[in-house]
Amino acid sequence: MLEQLLIFTRGGLILWTCKELGNALKGSPIDTLIRSCLLEERSGAASYNYDAPGASYTLKWTFHNDLGLVFVAVYQRILHLLYVDELLAMVKHEFSQIYDPKRVEYFDFDETFRQLRKEAEARAEELKKVKPVGKSVNDGRKLVNKKGSGFDGGNKKNNSEANEGGNDDDGKGRKLENGHSYGNHNAAVVQGNRGMGLANGKENASSNNEAFDVTKLQKLKNKGGKKTSDTSVVSKGSKVDPKKKVTKKNRVWDDTPKDAKLDFTDHVEENVNENIEVMAADQGESMMDKEEIVSSDSEDDEDEVVSKDSKPDAKKKGWFSSMFQSIAGKANLEKADLEPALKALKDRLMTKNVAEEIAEKLCESVAASLEGKKLASFTRVSSTVQAAMEEALVRILTPRRSIDILRDVHAAKEQRKPYVVVFVGVNGVGKSTNLAKVAYWLLQHKVSVMMAACDTFRSGAVEQLRTHARRLQIPIFEKGYEKDPAVVAKEAIQEATRNGSDVVLVDTAGRMQDNEPLMRALSKLIYLNNPDLVLFVGEALVGNDAVDQLSKFNQKLADLSTSPNPRLIDGILLTKFDTIDDKVGAALSMVYISGSPVMFVGCGQSYTDLKKLNVKAIVKTLLK
Amino acid sequence: MEGIEQWKTEAQQWLRQGIEYAHQIPPTQLYAAVAVLLFTTLLLLIIRLLKRTKSNTIVLSGLSGSGKTVLFYQLRDGSSHQGTVTSMEPNEGTFLLHSESAKKGKIKPVHVVDVPGHSRLRPKLDEFLPQAAGIVFVVDALEFLPNLSAVTEYLYDILTKASVVKRKLPVLICCNKTDKVTAHTKEFIRKQLEKEIEKLRVSRSGVSDADIANDYALGIPGEAFSFSQCINKVTVGEASGLTGDISQVEEFIRAHVK
């Protein structure tokens with residue numbers, strides 16, 4: 001049964017709740033929905049799952065953009081009610097007829113709602129009798145059914161829009177209130193979605209929604225624990241485990257005794273006084289502290305350019321009617337009107353190196369927020385869409401929490417603990433280089449830094465950090481190669497506490513996101529040391545892989561951690577920003593998929609090339 | 001070239017005709033018309049100038065969940081109706097405060113704006129500050145300590161914004177939810193905020209020329225920060241949105257919107 005149905009304004013006032021379903025909701029599902037989904041521009045998703053101690057709900061919503069109303073239905077996840085979408089649509093229709101901006105109480109709506117609910121339930125009953133128990137999905141009425149969400153175990157944290165991947169087959173050719181089938185969702189996307197984990201993605205393990213799967217029943221049984229419900233992952237892990245201990249041995253070609261020493265650095269240099277390499281202090285101000293001057297080309301200039309190429313496929317016939325509409329300004333925006341503008345916008349975003357599915361989801365979310373809205377007079381559809389998209393982009397890129405690292409460092413200093421930062425990422429993105437840049441910046445703010453060389457795999461990694469440490473004159477904690485990185489990190493933190501360093505920067509080895517044993521090792525490092533900041537280092541050159549990288553990293557960190565509250569990625573460090581000209585889309589993809597803010601941007605290879613993300617500049621470049 | 005010549009001659013002809021016509025009108029009418037025109041423009045300019053000095057906007061800001069929307073509806077209607085959820089958009093309204101609707105006389109309606117507190121929607125605050133006559137910063141007195149750092153940062157940002165300092169906007173720090181038993185007192189909250197802002201001030205102005213994140217610096221260097229050091233007037237008050245005990249807020253509003 002439906003737990004609750006709410007109607008509230010976008011400004012936050014609840015206009016109506018159903019009195020009959022008087023159950024108080026455990027936790028605060030609505031607030032969480034707003035904060036994690038609607039404000040994160042994921043309103044194109046079909047539903048949202050919420051877990052509170054003692055209850056697990058699924059929420060569905062629909063907007064009335066013209067009046068600024070939101071309709072949300074909450075029900076238990078175990079029951080998969082077929083009639084919710086239809087009920088929401090009908091409620092929306094009925095309520096918008098009696099809505100008056102001045103009124104705040106709508107008790108007369110109770111009666112209407114009761115009738116609507118009876119109708120919807122009756123229809124659902126009929127359907128259940130008609131459809132076979134196996135719940136095959138393609139029939140005429142096609143009420144979207146979130147059975148994917150219902151059965152995939154209550155282990156999902158926060159959003160799992162992976163659900164929509166499995167249910168896209170249902171939604172084709174039918175008007176959905178939650179606006180997620182725009183004809184763009186097709187089987188290809190479904191396949192793609194099954195391959196990757198989406199959002200803070202637990203992977204949608206059940207790829208067969210058609211037949212009732214006994215394994216799903218099993219997963220339901222395992223609902224208690226927070227561990228992964230993906231059985232394949234577990235089996236893969238156990239197989240590879242024994243192989244983990246293979247270490248590299250030097251190749252022997254003949255009978256000469258093996259040379260055990262592989263460390264060929266020149267030890268003479270260490271004892272020479274450091275004057276040779278000390279020049280860090282004179283490199284000037286780090287770009288972090290420089291305010292970026294946003295070039296204010298006139299806005300009109302942009303708009304003209306925008307209007308010229310924003311509608312490459314606008315039909316000539318439609319020009320006159322759109323002109324007329326823009327002057328009269330009375331038309332309600334329909335999906336069909338939004339489509340060409342949105343498609344053009346999506347293409348533009350993709351040419352700026354935004355991952356394809358991110359652009360897709362963003363466009364859907366913007367469409368969901370614009371559908372049904374009245375066009376203001378003297379505006380065209382494309383400019384309205386543009387404005388909405390700009391607002392959405394600013395909203396996504398604005399950090400959700402404070403990114404003032406200095407403040408956190410000072411807070412940790414007061415507690416006499418070092419502030420630990422761990423740099424993670426795939427191979428070759430620039431972790432060690434940017435670690436040195438961050439160290440330089442911190443040094444300029446009079447914070448004492450220590451480096452920890454936990455990259456014990458790559459040849460030369462420790463020497464690289466040793467060179468940086470020598471140039472910056474900061475202590476470095478290293479244990480050579482082939483040691484357990486987690487243990488090295490732990491000892492480094494203890495050393496830092498002993499010698500009073502404020503910050504410990506931990507460098508880890510690069511690893512691919514689907515390399516199970518390495519991800520396990522990383523998870524162990526993070527679990528053991530509980531760092532204050534887990535910084536994901538990603539390069540701005542990455543394309544669609546950014547989505548995969550970040551979501552897999554987050555997922556593996558969550559799955560493979562043995563603690564009940566796993567640490568996820570807290571921030572992003574975007575590197576090689578100087579190599580992309582204006583194709584800044586990677587920033588957007590990364591922020592969208594992980595929800596964590598971009599804390600630093602690396603824009604060069606010297607110590608001063610580290611800056612903050614300028615949200616307005618990025619948005620401007622993306623939409624140019 | 002000939003086209004331009006033609007147009008020139010035509011334009012000159014029209015000019016001559018216009019001047020002849022103007023000469024035909026009796027001079028008094030002409031002067032009267034010009035005088036009326038000048039007078040109305042002057043009047044409009046003066047009205048605009050006068051209006052600009054007195055703004056009647058009050059901005060409600062604060063963290064998400066501190067009770068701004070409830071306060072907004074209390075001010076407007078005297079009750080918070082059926083409850084609120086996290087706001088996604090600002091709530092604006094120009095109205096007479098509910099408690100004053102019974103009073104007779106010429107009371108100016110107040111334009112109250114409730115800006116969402118969610119961090120993603122922070123930029124919306126900057127849209128409304130330029131026209132504000134006062135700011136009510138709502139603090140959750142119940143969940144004060146867990147959110148202390150976020151509250152401090154937000155308050156610090158507001159107190160160092162150029163539009164606030166230059167125009168000396170008065171700020172009321174309103175401790176909400178005081179009807180609950182475990183809510184902190186306003187004195188406690190004031191002291192904690194002053195301490196935290198002091199810490200923040202020190203860390204932010206560590207390397208003063210390198211850090212230009214905020215427009216102005218707060219307080220006097222060398223002394224512990226206290227709200228009395230702010231150029232704009234900062235006061236602390238109490239309120240309870242749910243029960244309707246919002247008299248201090250209303251006094252503040254009335255004091256600054258005359």
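Reply: In this predicted model, 53% of the 624 residues of chain A count as buried. The accessible surface of chain A comes to about 28,400 Å², and carbon and sulfur atoms hold 54% of that surface. The chain is built with 22 helices and 13 strands. Among its contacts with a separation of 6 or more, 76% join residues 24 or more positions apart.

Turning to the contact itself, 41 residues come from chain A and 33 residues from chain B. The size of an interface is often given as the accessible area lost when the parts come together. Between chain A and chain B, about 3,200 Å² is buried, with 52% of this area on carbon and sulfur atoms.

Polar and charged groups also take part. There are 14 residue pairs in polar contact between chain A and chain B, counting pairs with both residues at pLDDT 80 or more. Five salt bridges are counted between the two chains. One of the salt bridges joins the side chains of A:R407 and B:E153, with an N to O distance of 3.0 Å.

On the side of chain A that touches chain B, the elements giving two or more residues are the strand β2 (14-17) and the helices α1 (29-38), α14 (381-397) and α15 (405-414). Of these, α1(A) gives the most, with five residues. By class, this side of chain A has 17 charged, 15 nonpolar and nine polar residues.

Key
Residues are numbered from 1 along each chain as its sequence is written. Chains are lettered from A and ligands numbered from 1 in the order in which they are written. This is a predicted model: local features need pLDDT of at least 70, side-chain atom pairs count only at pLDDT 80 or more; totals for chains, interfaces and linings use all residues. Side-chain values use heavy atoms; hydrogens and water are left out. Helices (H or I, at least four residues) and strands (E, at least two) are DSSP runs, numbered from the N terminus. Buried means under 20% relative accessible area, exposed over 50%, partly exposed in between (1.4 Å probe, protein chains only). Contact means heavy atoms within 4.5 Å. Accessible areas come from the Shrake-Rupley method with a 1.4 Å probe; for residues, only the protein chains shown count as cover. Buried area is the accessible area (1.4 Å probe) that two parts lose on being put together, summed over both. A salt bridge is a side-chain nitrogen of Lys or Arg within 4 Å of a carboxyl oxygen of Asp or Glu. A polar contact is a pair of N or O atoms within 3.5 Å; within protein, one must be able to donate a hydrogen and the other to accept it, and residues adjacent in sequence count only if both atoms are side-chain atoms. Ala, Val, Leu, Ile, Met, Phe, Trp, Tyr, Cys and Pro count as nonpolar, Asp, Glu, Lys and Arg as charged, and the others, Gly among them, as polar.
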